[in-house]
Amino acid sequence: MQLFDDLEDFGEFEDFVSGDVRDPYTELARLRREEPVQKIEIPGIPGEEGKPIVMVYRYEEAQQLLRDNETFSSAIIIQAFGDVFGKHVMLGMDEPEHGRHRNLVAKAFSQKALSRWEDTLVSAAGNALIDRFADRGHAELTKEFTFPYPTLIIAGLLGLPQEDFAQFQRWSISMLAFTVNPERGREASEALAEYLRPILEARRAEPRDDLISGLAAAEIDGEKLSDEEIFSFLRLLLPAGVETTYRAFGNLLYGLLTHPDQLEAVRIDRSLISQAIEEAVRWEPPLSMITRVATRDTELGGVHIPAGSSVMPVLGSANREERRFADPEEFNIFRPARAHIGFGYGVHVCLGMHLARMEMRVALNLLLDRLPNLRLDPSVGDVYIRGQVFRSPTSLPVVFDVAGT
Ligand code: HEM
């Protein structure tokens, strides 16, 4: 079965990964009230008896478990996804290995290091995409903007040649869709490493001003990243940097387009963009749950958790904790600022959050500047956010005035 062989299969991929769950939140609110730490026994898996899955719905316990990264290990991520990301993926490492690895790559993702990409790469990518539809008066923003945009940026950060972008995007889709088609995911993962190998060698020999050269040169106390570690990191950047950002930006646009008063406020006063971004990631985190494994018998919120249990903080639920956020189900960019955990929390907190915020800020500014009177297309009904683990809008059909007509 050749799934996702072409970008046209984008819709199919969406159906598989997201599922058609429209409103998980009513049930999540009930679970927060009645069973904030929920143990789900899974009978019948040989060797796994007594190892439940534990879902964590409230902010406080989610934060507590993410802080305690000794009791709640990330190793489970390598067990689940090592085949496609490689065995050296930082998302699945524990301390001290994780800290060493993260320090080596962190410099490239600091706000300061990223600022130089803003005009050259990020704005240029946004403008190039908008050029394709600005004269048309209508667009479908998930296909035409939110999905290709972060891919162009990651490819640009890596310094990959323009002509390889389409291939790069196909591999991204296959890797992202690993859970529904493992074989294809693995093939894409290997193909990507083979493709990157000569590029890494070339950058080692002759460094350029790009992320791969930076990773090849990064050194702490005489230690460098191995080739395998670099490939694992680069492979992680696709799902971590593309999937989440395109979904988060879709959710932000959906929130604003369905609340025209808030969209208008942002259009007039662009300093509101930062809080609009935070509110969107609080309200609809694109990645609704993450996972850990208990390394020893422990307890959370009064519930006993046996060693070996999978423990899943539900970010989408914690971010709607009523004891922390008033009217949590509302999208309200004017709510008082309060930290959320849509970017995770603790040692694995999103490495790319400054990049994601910058990408969304730049893109929203460009769309508002270049597409006057931007609004949802009233002739297309029933646009909504869907998904269980990954959440984003089904589509974003918009209309706008064409400048100069
Ligand atoms: C709005 C967009 C994004 C959201 C909501 C998001 C969310 C997250 C979350 C929840 C985690 C923690 C996972 C865990 O603890 O198991 C994470 C980790 C990570 N994210 Fe993001 N992410 C976004 C964008 C990005 C971008 C643009 C990049 C890079 C280009 C990126 C790179 C990473 C990496 C490398 C990690 C692993 C960090 C570590 O293990 O120390 N993310 N992200």
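Mentor: Side chains of opposite charge can pair when their charged atoms come close. Here Arg100 and Glu223 form a salt bridge through their side chains, at 2.6 Å from N to O. A salt bridge is a side-chain nitrogen of Lys or Arg within 4 Å of a carboxyl oxygen of Asp or Glu. Before going on: this is a predicted model, in which local features need pLDDT of at least 70 and side-chain atom pairs count only at pLDDT 80 or more, while totals for chains, interfaces and linings use all residues. Residues are numbered from 1 along each chain as its sequence is written, and side-chain values use heavy atoms, with hydrogens and water left out.

Trainee: Are Arg100 and Glu223 buried, exposed or partly exposed?

Mentor: Buried means under 20% relative accessible area, exposed over 50%, and partly exposed in between (1.4 Å probe, protein chains only). Arg100, at 23%, is partly exposed, and Glu223 is partly exposed at 38%.

Trainee: How many salt bridges are found in the whole structure?

Mentor: The search finds 26. One of them joins Arg247 and Glu243, with the closest N and O atoms 2.6 Å apart.

Trainee: What does Glu284 pair with?

Mentor: Glu284 forms a salt bridge with Arg320, and their closest N and O atoms are 3.7 Å apart. Glu284 sits in the loop between α15 (273-283) and β7 (292-294), and Arg320 in the loop between α16 (315-318) and α17 (353-370), so this pair links parts 36 residues apart in sequence. Glu284 is buried at 4% relative accessible area, and Arg320 is also buried, at 4%. Salt bridges with shared partners join Arg32, Glu284, Arg320, Glu322, Glu329 and Arg391 into one network.

Trainee: Which protein donor does the iron atom of the ligand have?

Mentor: Donors are N, O and S atoms within 2.8 Å of the metal (3.2 Å for Na, K and Ca); water is not among the atoms, so sites may look incomplete. The iron has a single donor from the protein, the SG atom of Cys350, 2.3 Å away. Cys350 is in the loop between α16 and α17.

Trainee: Where is the kink in α7 centred?

Mentor: The bend at a residue is the angle between axes fitted to the seven residues ending there and the seven starting there. In α7 a kink of about 30 degrees is centred on Ser123. Ser123 is among the buried residues of this helix, which also include Trp117, Leu121 and Ile130.

Trainee: What covers the buried residues of α7?

Mentor: Contact means heavy atoms within 4.5 Å. The cover includes α6 (111-115), α8 (141-146), α9 (148-158) and α17.

Conventions:
Helices (H or I, at least four residues) and strands (E, at least two) are DSSP runs, numbered from the N terminus.
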